[in-house]
Amino acid sequence: MHIEQVLILLINSLSLKQNKIVLPWAAVKLWQDSVLEILLENGLLTKISKAKNIQCQACENHCNVDVIPHQYPSTTRYYAACDDPFMHEQMGRMTVPPKQLSQWKISIKKLAVLIADLLGLSCDISYKADQKSIVLGTLKSKAGRKSVVLNVEPLSIIINQSVLPVNELLFFEDNKLALDKDKIDHALNLKQSPSAKTYQANTDKKEQRKANTLAMHQSWQDEAIKLKGKRPNMPKTWISQQIAKLPISQGKSAETIRKNIQI
């Protein structure tokens with residue numbers, strides 16, 4: 001499998017039930033040379049501790065067998081014993097090369113961090129196993145700030161009422177993970193009708209409210225900085241009153257705006 005196939009396979013395998021995936025050596029060895037190295041260099045995969053059981057490759061049964069470590073003065077060797085009553089005598093104790101115990105992990109949280117980084121968003125990503133969505137931050141559009149949310153199932157970015165599948169956004173360019181920013185910019189600046197029905201993704205309502213509030217506050221902050229630049233001698237109260245007159249106020253009072261801007 002080449003790098004793009006592996007990337008899509010990994011993205012499509014992540015879900016609410018499988019928010020992290022452990023990849024054994026037997027799966028990774030089917031990839032093209034250098035794919036593993038590229039995924040590790042880009043932070044998509046993380047190497048984890050050695051496997052304690054493996055899928056035996058000695059016969060067509062491919063049983064899962066426990067790995068038994070034996071400590072020697074200068075090294076550790078690994079063995080496995082066949083559990084099949086018909087194959088046990090034939091197979092006996094099998095030596096397991098250490099490289100076959102290697103395993104790697106990809107997770108929803110790690111993917112969220114990478115996407116946020118590619119979007120230029122600096123935020124503290126928090127994620128629990130049953131969380132349906134993750135707030136990544138906000139991006140500036142022609143109509144003010146828009147929240148960016150990573151929906152977990154299916155994996156997609158929700159921005160300005162648009163839903164963009166992650167497997168259509170991420171790709172590799174010169175062995176570097178990249179994001180289709182043209183699609184992001186198009187969705188970000190798409191003029192949505194005020195009466196347009198918002199897409200109901202499988203998101204946490206609490207997370208979506210958090211994202212919307214974050215976008216609103218940052219829109220106020222952007223405008224406050226702009227007004228302060230034009231009228232540096234005007235107090236914070238005046239600036240908040242001006243913002244309250246704009247659509248980005250979303251009906252909030254000047255006092256609420258004043259409490260949420262820093263100038």
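Which residues line the largest cavity? The points below start there.

1. Basis. This is a predicted model, in which local features need pLDDT of at least 70 and side-chain atom pairs count only at pLDDT 80 or more, while totals for chains, interfaces and linings use all residues. Residues are numbered from 1 along each chain as its sequence is written, and side-chain values use heavy atoms, with hydrogens and water left out.

2. Cavity. The largest cavity is lined by Cys56, Cys59, Asn61, His62, Cys63, Val65, Cys82, Asp83, Asp84, Met91 and Met94. About 60 Å³ of space lies in this cavity, and the structure holds 1 cavity of 30 Å³ or more. A cavity is a set of points, on a 1 Å grid over the protein atoms alone, where a 1.4 Å probe fits but cannot get out; lining residues have an atom within 4 Å of a point. Grid points are joined across faces, edges and corners, and the volume is the space filled by probe spheres set on the points.

3. Four-stranded sheet. An open antiparallel sheet is formed by 4 strands in the order β8-β9-β10-β11. Its edge strands, each pairing on one side only, are β8 (133-141) and β11 (162-165). From one strand to the next the twist averages 25 degrees. Strands are DSSP runs (E, at least two residues), as are helices (H or I, at least four), numbered from the N terminus; two strands pair if DSSP finds at least two bridges between them. Axes are lines fitted to C-alpha atoms, for helices over the stretch in contact, and angles run from 0 to 180 degrees between N-to-C directions.

4. Inside that sheet. Strands β9 (residues 144-151) and β10 (residues 156-159) pair in the antiparallel sense over 4 bridges. Asn151 stands opposite Ser156 in β10. Helix α5 (residues 108-118) packs on the sheet and touches β8, β9 and β10, its direction making about 5 degrees with that of β8. Helix α7 (residues 205-230) also packs on the sheet, touching β8 and β9, and its direction makes about 155 degrees with that of β9. Contact means heavy atoms within 4.5 Å.

5. Three-stranded sheet. Here 3 strands form an open antiparallel sheet in the order β1-β7-β2, with β1 (20-24) and β2 (46-48) as the edge strands. Strand β2 is joined to β7 (residues 103-107) by 3 bridges, and the bridge partner of Lys47 in β7 is Trp104.

6. Rings. The charged end of Arg77 sits over the ring of Tyr72, 5.3 Å from its centre (the criterion is NZ of Lys or CZ of Arg within 6 Å of the ring centre and within 35 degrees of the ring normal).

Terms used: 1 Å grid on protein atoms, 1.4 Å probe; cavity = no way out; pocket = protein on both sides within 12 Å on 5 of 7 lines; lining within 4 Å.
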